[in-house]
Amino acid sequence: HHFPVLAEHLRKLQGRSSIKIWCCAASSGEEPYSIAMTVVETFNSFNVPVSIFASDLDTSVLATAERGSYARDRVDKLSPERLSRFFVKGTGSQEGFYTARPELRRLISFQRINLLEPVWSVRGPLDAIFCRNVMIYFDKPTQYKILSRFAPMMRPEGLMFAGHSESFLHASDLFKSQGKTV
């Protein structure tokens, strides 16, 4: 349900010259590519004023994400239309794989970031932060510390997307719930 919420948020921001999104637990890339597809579909163009910064602690999963190449079972849930619009079917040694089109990949920059380190290379103001299913690995004081660093990086109308099993009620002074882990 996060991607329709993101699409609605993007529609409200249309006309802005720069929209910035941070996916801070990008893993092997499915989430930042889903964000990019939502952006392209919302603007109905690959030429968009949106930059997506994707990070993770693990450099090996980030390398996979940068390649943007996935086995068929990883893209099975995409409609045939989305699959052909956003991915190229592999041939030869890449048979059975689908690679994100270059015009989609160029919307995303990947970099290693450890959320526990004192300095992050990503800069605000951010219009959205996707921080899904990573905070569950931290205790409440560590979560609060990270969230308190997110808050000043965001535009006042910015949205933060949390994982379905995550709750940040202990940080209600930093973020106001919009419902559905947003």
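## Helix H1 and its buried face

In helix H1, the residues that count as buried are His2, Leu6, Ala7, His9, Leu10 and Leu13, where buried means under 20% relative accessible area, exposed over 50%, and partly exposed in between (1.4 Å probe, protein chains only). Seen down the axis of H1, these buried residues fall within an arc of 165 degrees, so they line one face of the helix; the arc is that of the directions from the helix axis to the C-beta atoms. The buried residues of H1 pack against E1, H2, E7 and strand E8 (154-162), with contact taken as heavy atoms within 4.5 Å. On the other side of H1, Pro4 and Lys12 are exposed.

H1 runs over residues 2-13, and its 12 residues reach 17 Å from the first C-alpha to the last, which is close to the 16 Å expected at 1.5 Å a residue, the expected span being 1.5 Å times one less than the number of residues. Helices (H or I, at least four residues) and strands (E, at least two) are DSSP runs, numbered from the N terminus. Just after H1, Gly15 takes a positive phi of about 100 degrees.

## Basis of the model

This is a predicted model, in which local features need pLDDT of at least 70 and side-chain atom pairs count only at pLDDT 80 or more, while totals for chains, interfaces and linings use all residues. Residues are numbered from 1 along each chain as its sequence is written, and side-chain values use heavy atoms, with hydrogens and water left out.

## Salt bridges

Side chains of opposite charge can pair when their charged atoms come close. A salt bridge is here a side-chain nitrogen of Lys or Arg within 4 Å of a carboxyl oxygen of Asp or Glu, and by this rule the count comes to 9 salt bridges. One of them lies within H1, where Glu8 pairs with Arg11 and the closest N and O atoms are 3.4 Å apart; the two residues are 3 residues apart in the helix, about one turn. Glu8 is partly exposed at 38% relative accessibility, and Arg11 is also partly exposed, with a relative accessible area of 42%. Another salt bridge joins the side chains of Glu117 and Arg112 at 3.5 Å, N to O; Glu117 counts as partly exposed at 31% relative accessibility, as does Arg112 at 37%.

A further salt bridge connects Asp127 with Arg155, the closest N and O atoms being 2.9 Å apart. This pair links distant parts of the chain, with Asp127 in strand E7 and Arg155 in strand E8, 28 residues apart. Asp127 counts as buried because its relative accessibility is 1%, whereas Arg155, at 23%, counts as partly exposed. Salt bridges that share partners join Arg16, Asp127, Arg155 and Glu157 into one network.

Asp56 is found in strand E2 (residues 50-56). Asp56 is buried yet has no salt bridge, and the nearest side chain of opposite charge, that of Arg112, is 7.9 Å away; in this comparison Lys and Arg count as positive and Asp and Glu as negative, while His and the chain ends are not counted. A polar atom of the Asp56 side chain lies 2.8 Å from the backbone nitrogen of Ser27. A polar contact is a pair of N or O atoms within 3.5 Å; within protein, one must be able to donate a hydrogen and the other to accept it, and residues adjacent in sequence count only if both atoms are side-chain atoms. Not counting residues up to four places away in sequence, Asp56 touches Cys24, Ala25, Ala26, Ser27, Val61, Leu62, Gln111, Arg112 and Ile113.

## Backbone features in loops

Ser27, the residue whose backbone nitrogen approaches the Asp56 side chain, sits in the loop between strand E1 (19-23) and helix H2 (30-43). Ser27 has a positive phi of about 50 degrees although it is not a glycine, and it counts as partly exposed at 35% relative accessibility. Asn133 likewise has a positive phi, of about 60 degrees, without being a glycine; Asn133 lies in the loop between E7 and helix H7 (140-150) and is partly exposed, with a relative accessible area of 39%.

The peptide bond from Gly124 to Pro125 is cis, with omega near 0 degrees. Pro125 is placed in the loop between strand E6 (108-112) and strand E7 (126-131).

## Lys140 in helix H7

Lys140 is found in helix H7 and is partly exposed, with a relative accessible area of 43%. Leaving aside residues up to four places away in sequence, Lys140 touches Ser167 and His170. Lys140 and His170 are 30 residues apart in sequence and 7.6 Å apart in space, C-alpha to C-alpha, while the backbone oxygen of Ser167 lies 3.5 Å from a polar atom of the Lys140 side chain.
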